[in-house]
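Hi,

Here is the structure I promised to pass on.

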Amino acid sequence: MKIDLTETTSSKINQALVSARRAIGTPAIGMVLTLVIVTDEENAYDALKSAGDASREHPSRIIAVIKRVSRSPRSRRDARLDAEVRVGSDAGTGETVVLRLHGELVNHAQSVVLPLLLPDAPVVVWWPEAAPADPAKDPLGALAQRRITDAYSAEHPSAELAVRAKSYTPGDTDLAWTRITPWRSMLAAALDQQSVDVVSASVEGESENPSCELLAMWLADRLQVPVERTRSGGPGLTAVRMETKNGTIVLDRADGSLATLSMVGQPDRAVALKRRETAELLAEELRRLDPDNTYASSVKFGVQRLGEAAAPKAAAPKAAAAEKPDGPSAAPAAKKTAAKKAASK
């Protein structure tokens, strides 16, 4: 069911939601969070489709905020709110409100969104593109427990990681980090199988792919060894090599779907490592709403430090450790020493 509202208010939108639910016999219970999407008209369709697919796992009230900025001085002064309410089959497993803000209202989006949030439920804000430099200080970001950005959508994705590191606040995360969860899990499992010291590593992938940079920083941060970032034609992340005292561990994915894991003393194994759709990435991030400490540590490591030799700590074994995944957003890594102490998320 769809209801279009022109020159409306937050109060009228809430009334329309109640009326729509009554009309189709759908109660408001069962929705677990409010997902606020901040986007533009061009990208709204894809973002709403991904959010709708993710809502099948996480029933949500989805609020899309589309800021319609006019070049006309008069139009900039004239504040207006148009809305579209979707309930039932048109809104996945929850309900969707599409807000189009005009004029001066563009600068006060939080005042429109606040009355529409589900009571006593977590709030997640997602910027599919054009995320603010400091999401936690953004008026809409300040309403949320979790803030999701995507460095891949930036004009300079690798440089965007430095922006994310500088402004990091607990609750921030990035889909460039979510994309490498399967890689981190597989590398953690590989290191779990062998009690070896990793002495160096390399990460191969497309140029200007922030997921490749994040994986390299994660390895360097957790293992405390030099990590080289090399370029390939893709697609995306193509290979990781870890040099150990017993030989080389290689996880190679040349086609973006099926990878091969090679380890000394073991036969090569084919593992599924497909490139995932945005809806899958979003659903993963919505499974946990606590701060992602491993993401914070990795992104703050800094791209410029890759390849540097890490000095071993006097009181610790020469080989540091990567942690095992304890959830979809946890950084999976395993201690490469015999102790293999799991690092907390």
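I'll begin with helix α5 (residues 157-167), where P157, S158, E160, L161, R164, A165 and S167 are buried. Buried here means under 20% relative accessible area, exposed means over 50% and partly exposed is in between, with a 1.4 Å probe and protein chains only. The cover over those buried α5 residues includes β7 (146-149), β8 (172-174), α8 (210-223) and α10 (293-301). That rests on contacts, meaning heavy atoms within 4.5 Å. Helices (H or I, at least four residues) and strands (E, at least two) are DSSP runs, numbered from the N terminus.

Some background before you read on: this is a predicted model, so local features need pLDDT of at least 70 and side-chain atom pairs count only at pLDDT 80 or more, while totals for chains, interfaces and linings use all residues. Residues are numbered from 1 along each chain as its sequence is written, and side-chain values use heavy atoms, with hydrogens and water left out.

Now the sheet. Eight strands form an open sheet in the order β1-β4-β5-β3-β2-β6-β7-β8, with mixed pairing. Two strands pair if DSSP finds at least two bridges between them. At the edges sit β1 (2-5) and β8, each of which pairs on one side only. From one strand to the next, the twist averages 15 degrees. Within this sheet, β2 (residues 33-39) and β3 (residues 60-68) run parallel and are joined by seven bridges; T34 has R61 as its bridge partner in β3.

Two helices to look at here are α1 and α9. Helix α1 (residues 10-24) lies across β1, β3, β4 (80-87) and β5 (95-102), at about 15 degrees to β4. Helix α9 packs on the sheet and touches β2, β6 (123-126), β7 and β8, its direction making about 155 degrees with that of β7. For these angles, axes are lines fitted to C-alpha atoms, for helices over the stretch in contact, and values run from 0 to 180 degrees between N-to-C directions.

Strand β11 (residues 237-244) is largely enclosed by the rest of the structure, because six of its eight residues are buried. Seven bridges connect β11 to β9 (residues 198-205), and the two run antiparallel; A201 is partnered by M242 in β11. With β12 (residues 247-252), β11 pairs in the antiparallel sense over six bridges, and a hairpin of two residues links β11 to β12. T244 stands opposite G247 in β12.

Leaving aside neighbours within four places in sequence, I249 touches A190, L191, Q194, V240, R241, M242, T244, L261, S262 and M263.

Last, the largest pocket: how much space lies in it? About 570 Å³. Of the 30 residues that line it, D150, R179, R276, T278 and L281 are the closest to its centre. Helix α2 (41-54) gives the most to the lining, with five residues. By class, the lining has 13 nonpolar, seven polar and 10 charged residues. A pocket is an open set of 1 Å grid points fitting a 1.4 Å probe, with protein on both sides within 12 Å along at least five of seven lines; lining residues have an atom within 4 Å of a point. Volume is the space filled by probe spheres on the points. Asp, Glu, Lys and Arg count as charged, Ala, Val, Leu, Ile, Met, Phe, Trp, Tyr, Cys and Pro as nonpolar, the others as polar.

Cheers
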